[in-house]
Amino acid sequence: MFKRSGKFAALILAAGLVPALAVAQDANPAGEKLYKSACIACHAAGVAGAPKVGDKAAWAKVTEKGMDAVMQITINGKGAMPPRGASTADDATLRAAVEYMIAQSQ
Ligand code: HEC
């Protein structure tokens, strides 16, 4: 009986948590989608010096320049970072992907 109600409470918790997380992360779902299709290859592991998603210090250094400067590099490329991350995404979707990466790195 006790075991059973514990399980039930865990289920309620899980059901309550999932939508809350989804709302917090998905400002524009296209950003996460683009990240997972085009940017993850370099930014998940930090290939060639790419700021690694989840690395707070690396992203603090990126964002301290201001979002305009960050988007300049994202659109035009820099070093091993290809223009638009080698994607054909438009500026708004690229920005959403960058915002997603920043949100995952705080
Ligand atoms: C081929 C590997 C690669 C891919 C794919 C890639 N990046 Fe990068 N990215 C890099 C590297 C390397 C850097 C670091 C550039 C530097 O500072 O010299 C970087 C830097 C960045 C930065 C930091 C810019 C700054 O202001 O310092 C952002 C934002 C970024 N990438 C976004 C993206 C997005 C969005 C995508 C997908 C659309 C993407 N990247 C795909 C390699 C990649």
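1. Along the sequence the chain follows the pattern α-α-α-α-α, with five helices and zero strands, where helices (H or I, at least four residues) and strands (E, at least two) are DSSP runs numbered from the N terminus. This is a predicted model, in which local features need pLDDT of at least 70 and side-chain atom pairs count only at pLDDT 80 or more, while totals for chains, interfaces and linings use all residues. Residues are numbered from 1 along each chain as its sequence is written.

2. Helix α2 (residues 29–43) spans only 18 Å between its end C-alpha atoms, whereas a straight helix of 15 residues would span 21 Å at 1.5 Å a residue, the expected span being 1.5 Å times one less than the number of residues. A kink of about 50° in α2 is centred on S37; the bend at a residue is the angle between axes fitted to the seven residues ending there and the seven starting there.

3. The axes of α2 and α5 are 8 Å apart and the two helices pack at an angle of about 70°, the axes being lines fitted to C-alpha atoms over the stretch in contact, with angles running from 0 to 180 degrees between N-to-C directions. That makes α2 roughly perpendicular to α5 (65 to 115 degrees). The contact (C-beta atoms, placed from the backbone, within 7 Å) is made by A30, G31, E32, L34, Y35, C39 and H43 of α2 and by T93, A96, A97, E99, Y100 and M101 of α5.

Technical notes. Angles under 35 degrees count as roughly parallel, over 145 as roughly antiparallel, 65 to 115 as roughly perpendicular and the rest as oblique. Two residues are in contact if their C-beta atoms, placed from the backbone, lie within 7 Å.
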